[in-house]
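Please read the points below with the sequence and the structure open side by side. They are written for someone who is meeting this structure for the first time.

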Amino acid sequence: MRPDPQFLSALPQLTFYRGRVALYAILKALGVGSGDEVVTQAFTCSAVPEAILATGATPVWADTEQGGVNASVGTFEPVISPQCRAIIVQHTFGIPTDMRDVMPLAEKHGLPVIEDCCHTLASGIGEELVGTWGIGSFTSYEWGKPVVCGLGGSAIVRDAELHAKVNHLWNTLPEPGSVRMMKVDLQYAAFKAMYKPRNYWRLKRAFRRLASSGLAEGNYAPVGEGSKGFAMRMTQPMCERLKGVLANLDSIIDHQVWAGQLYAGRIHSQNLTNVRVPAGSRVVYGRYPLIATNKQALLAAAMEAGIEVADWYTSPIQPLGPRDWPKVGYKSGSCPHAEALSQSLVSLPTNQKVSDSDIERTVELMNGF
Ligand SMILES: *Cc1c(COP(=O)(O)O)cnc(C)c1O
């Protein structure tokens, strides 16, 4: 389980200020704009519709499949209309969407597929790795992603003509200002120094406070406002940092595989269910997901014990509540599986700071639940 060499070598090329900007650039290069629709899955973060809306197009939401965290051919097909110009496919938590079914569907409708590889760079379906199926893919380097670099994201485009268009757009984009970058650098340094699973809840509270006071760059820009200022590329020093982190990618992936196998082999509770994984897929878990009968009680117990259990996504479009759903074109009740998942899904860390004893404590908490 290693990323595709071509995919890997493309990561430091088309680098943007955030993953959503990379997605925006691919959509723009495809000619997506006003009056168009882009199909994407519910149970995602607002970064995705933000990029779609910034092109002038409208997001159209496909539900997740029963028991899984990804959309499928059965949930994509009903929402494809004649206005649709592209399909975004998400490999949630590292579990690959079954591209063996999705690609023929896209071809039937003549639609390009963009893969959201923000949660994994190395999972695969059959013999093929994620990021090698669609016309393009994108990654993110913020907290909690496989490769953490502070902020940022890459567009990976295989088609030469499309690559040239994304590259042209990249050249026209400004870089973030120095105050903004200083904030990102400080945040990155603080994260590197302080993050470990035992500190998760404390750091989460601190980060929330800093983000709401504007001292830290939050994960979620207000939809509509964010799109104006977000079209920037990555700075050169950040690109260099990215290359340094990528040099360590093999051991990042090995650790994720190790942690995922321990969670899978050792957590057995009647109140927790594993997420469906497509047959014949190899999963490198960006986080290890579980469906809980009582999510709130589990989160409370984890917080009490100082054990990292994450709650996202808590909405079909994190972090938007029902009142904001119309802003991203989401109709309440239209994706019932994704809405139910947001009430029941929790996830465990697989990153390199997760130690044997963290896994021990986590397994104990989960099995006692
Ligand atoms: C993190 C993430 C993104 C993009 O994140 P940015 O904050 O724009 O870098 C997109 N999709 C998914 C599924 C993500 O988890």
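1. Ile125 has Glu128 of β8 as its bridge partner. Strand β7, residues 124-125, is joined to β8 by two bridges, and these strands run antiparallel; strands are DSSP runs of E with at least two residues, numbered from the N terminus, and two of them pair if DSSP finds at least two bridges between them. The open sheet consists of three strands in the order β8-β7-β12, with antiparallel pairing. Its edge strands, β8 (128-129) and β12 (281-282), each pair on one side only.

2. A word on the basis of these values: this is a predicted model, in which local features need pLDDT of at least 70 and side-chain atom pairs count only at pLDDT 80 or more, while totals for chains, interfaces and linings use all residues. Residues are numbered from 1 along each chain as its sequence is written, and side-chain values use heavy atoms, with hydrogens and water left out.

3. A search of the whole structure finds twelve aromatic pairs, that is, rings of Phe, Tyr and Trp (its six-membered ring) whose centres lie within 6.5 Å, called stacked if the planes are under 30 degrees apart, edge-to-face if over 60 and tilted for the rest. Among them is the edge-to-face pair of Trp61 and Tyr330, at 6.3 Å centre to centre and with 80° between the planes. Because Trp61 belongs to strand β4 (residues 58-62) and Tyr330 to the loop between β14 (317-318) and α13 (336-344), the pair ties together parts that are 269 residues apart in sequence. Trp61 is buried at 7% relative accessibility, buried meaning under 20% relative accessible area, exposed over 50% and partly exposed in between, with a 1.4 Å probe and protein chains only; Tyr330 is also buried, at 3%.

4. Phe191 and Tyr195 form a stacked pair, 5.4 Å centre to centre with 10° between the planes. Phe191 is partly exposed, with a relative accessible area of 22%, whereas Tyr195 is buried at 8%. Elsewhere, Phe43, Phe93, Trp312 and Tyr313 form one aromatic cluster.

5. Which residues are closest to the ligand? Of the 16 residues that surround the ligand, the closest are Arg20, Asp116, His119, Ser140 and Lys145, where a residue counts if one of its heavy atoms lies within 4 Å. A side-chain N or O atom of Arg20 is 2.7 Å from an oxygen atom of the ligand, and for His119 the distance from a side-chain N or O atom to a ligand oxygen is 2.7 Å.

Note on methods
Helix = DSSP H or I, 4+ residues; strand = E, 2+ residues; numbered from the N terminus. Polar contact = N/O pair within 3.5 Å; in protein donor to acceptor, adjacent residues only side chain to side chain.
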